[in-house]
Amino acid sequence: MSTQDGFVRVANVAEVPPGKAVAVRVEDRSVALFNHEGSIYATDNQCPHMGYPLIRGRARNGVLQCDWHGWSYAMAGGGCFTGGCDDLDTFPVEVRGADIHVKVAGVASRRTGAHYLLLKEGLLSRDNWVLSKAVAIMLAQGVSEDETLRLLVTHLGKHIATEHDANGSWRLARVANGIRVARRLPPDDRLIPLMMAAKGASGRAGDRPDRQPLPPPISWEKLADWVRMFSRDRDGEGIEKCLVTARALGGCDDRILPLAFECVLAPHFIGFGFNILHLVRLAEVLDEFGWEVAEQLVCNLVAKILGRHRGTPDGVRREAIEAFAGVQSDVDNLTEPNGSAEFDEDAFGEALLSGELGTVFGAVTAALQSGVHVSRIADTMVMLAADRMARTPVSFNPGWWDLGAEMQTGSVIRGVHRYAGYASAAKAVYHAAWQFYGDRWLNIPNRPLSLAKLDERAGSGSADAEVERVAIVDAIESIRVNDVGPLVAKHLAAGHPGSELLNEIALALLKHDTGWDILDTLRVVYDETETCREHPASHQLVVGLARFTTGARRSNNSESATRTARRFARRQTAVDLY
């Protein structure tokens, strides 16, 4: 090849006979040359849809059709007839004597200006491939991860406001947890959880008139009183109006979420512990992206959560509501302990799993009144759930999701403490305790956490760490639940870093469609392996997750889209991929 005036000699005319196409490599790009109806055309050889080589396509009447999925493009300008914004890159061509020259350098890629539109298309269509492709291209082209995520959160707010009731909070959780899990992984492995976050934010986003604030005179105190009243009355629209007005008043931003926690921690919300979990996730999103991006999401979703229909409580739940209401005033007056009080973790665990509501709530009240810090109680709840997950019998219904909920509601006590204060976190303990009580049907024999220590003798004579990690992933992918637990325990007992193994398990999990459902628990295990690393049973977090991942696995889905998208963003054609 030779270069002149930015044009590169790429072939002789005789090498591209009429009606034929050839691929040449120019500046590390695969360029397709077509001799069509007396003219030479040069285009990107990678189909903008899914990367199939276009030299294998069909050209007629100035239109190039990909041979894989039938997407069509104008050969002269690259305009796409099929997709919304997947135009094809085309390049200037000059025939100088018997030689074909193409100019690639300095020609702006159509992808550079289209990635925002492509992301919007994916968010509206909820298509995994379009979302993966959009995110991969944006990151490959230097669009900051933060800017991409801001677009997701903005769309999520509009989507939930126009298309969902209070259950839209599950989508918010997927976005928040997808972001957090992505940041635990190396950059090259982040695309799957980021695509999951994008999928959580995706869907129709209709028009909705802006909610106008109430006219003055209005005070924060009156608005807060109305929010409490509307929450009791299950009036979400009234709550949203109050929150929009509070924003308009100014100076109230730091009061809105603590008020929301106060309402959702009320006794009549017993049995709705996921509301607390999702409020914490919403607080995390607001923390990171600010009111400018998250205002609609916060005001609308908080209103729907606080005003959600709660149904008439059955006898046991009514008993729990009354018992919790009886200790409310005492909990409100709790102050955060300075030191560490004596705490019999085994006795507390036995009471929590007793299956007797009075014993469960009585143990919580006694621990709090004796000065046991809520974070210490959260440790115990998380580790109890992990130990049960690591030991649960594999049966018709092993209760994976319920155990994941135990772990999440125990862990989220820390988030309530951070965003709403100590007394609110103490109330969250009762809601988490209800989750354990509700799981009394699980067929898991109780055992003291003091007996759950890692047996370091199990790791003697351990094989190479990488070999062991491969064996663990193989057990997960071949659905050998009873094998994977001992393999993980042996690996950790040998002293190998749990963080590396956790990443391997996470990737094995995320590339399967069950990753959507287990993402919440995976995020909590990442958090708690750091928070509870000094706990003697901390290894059970990873053992439990491995068994959960294996037992709940169904089929391969997410990996194919994201793997292809990542290579697509690097301009590799399907020939390179396969």
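In what order do the three strands of the open sheet S6-S7-S8 pair, and is the pairing parallel or antiparallel?

**Figure 1. Three strands build an open sheet.** The order is S6-S7-S8, and the pairing is antiparallel. This is a predicted model. The edge strands are S6 (58–60) and S8 (72–74). Each of these two pairs on one side only. From one strand to the next, the twist averages 25 degrees. Look at S6 and S7 (residues 63–65) in particular: three bridges join them in the antiparallel sense. Within this pairing, Arg-58 stands opposite Gln-65 in S7.

**Figure 2. Four strands build another open sheet.** Here the order is S3-S4-S5-S9. The pairing is again antiparallel. Which strands stand at the edges? They are S3 (21–26) and S9 (90–91). Each has a single partner strand, so one side of each is left without a neighbour in the sheet. In a regular strand, side chains alternate between the two faces of the sheet.

**Figure 3. S3 and S4 form a hairpin.** Two residues lie between the strands. Glu-27 sits in the turn, and its phi is positive, at about 50 degrees. Six bridges pair S3 with S4 in the antiparallel sense.

Figure 4. Find Ala-32, then look across to S5: Thr-43 stands opposite.

**Figure 5. Trp-434 and Tyr-437 form an aromatic pair.** A search of the whole structure finds 10 aromatic pairs. In the pair shown here, the ring centres are 5.4 Å apart.

**Figure 6. Arg-440 lies over the face of Tyr-437.** What lies over the face of Tyr-437? Here it is Arg-440, at 4.0 Å from the ring centre.

**Figure 7. Four aromatic residues form one cluster.** The members are Trp-170, Phe-269, Phe-272 and Phe-274. Start with Phe-269. Arg-310 lies over the face of this ring. The distance from Arg-310 to the ring centre is 4.5 Å.

**Figure 8. The whole protein puts the close-ups in context.** The protein has 578 residues, and 54% of them count as buried. It has 23 helices and 11 strands. Its C-alpha atoms fill a box of roughly 95 × 75 × 40 Å, taken along the principal axes. Take the contacts with a separation of 6 or more: 72% of them come from residues 24 or more positions apart. The protein exposes about 24000 Å². Carbon and sulfur atoms supply 47% of that area.

Notes:
Residues are numbered from 1 along each chain as its sequence is written. This is a predicted model: local features need pLDDT of at least 70, side-chain atom pairs count only at pLDDT 80 or more; totals for chains, interfaces and linings use all residues. Side-chain values use heavy atoms; hydrogens and water are left out. Rings of Phe, Tyr and Trp (its six-membered ring) pair if their centres lie within 6.5 Å; planes under 30 degrees apart count as stacked, over 60 as edge-to-face and the rest as tilted. A charge sits over a ring if NZ of Lys or CZ of Arg is within 6 Å of the ring centre and within 35 degrees of the ring normal. Two strands pair if DSSP finds at least two bridges between them. Buried means under 20% relative accessible area, exposed over 50%, partly exposed in between (1.4 Å probe, protein chains only). Contact means heavy atoms within 4.5 Å. Accessible areas come from the Shrake-Rupley method with a 1.4 Å probe; for residues, only the protein chains shown count as cover. Axes are lines fitted to C-alpha atoms, for helices over the stretch in contact, and angles run from 0 to 180 degrees between N-to-C directions.
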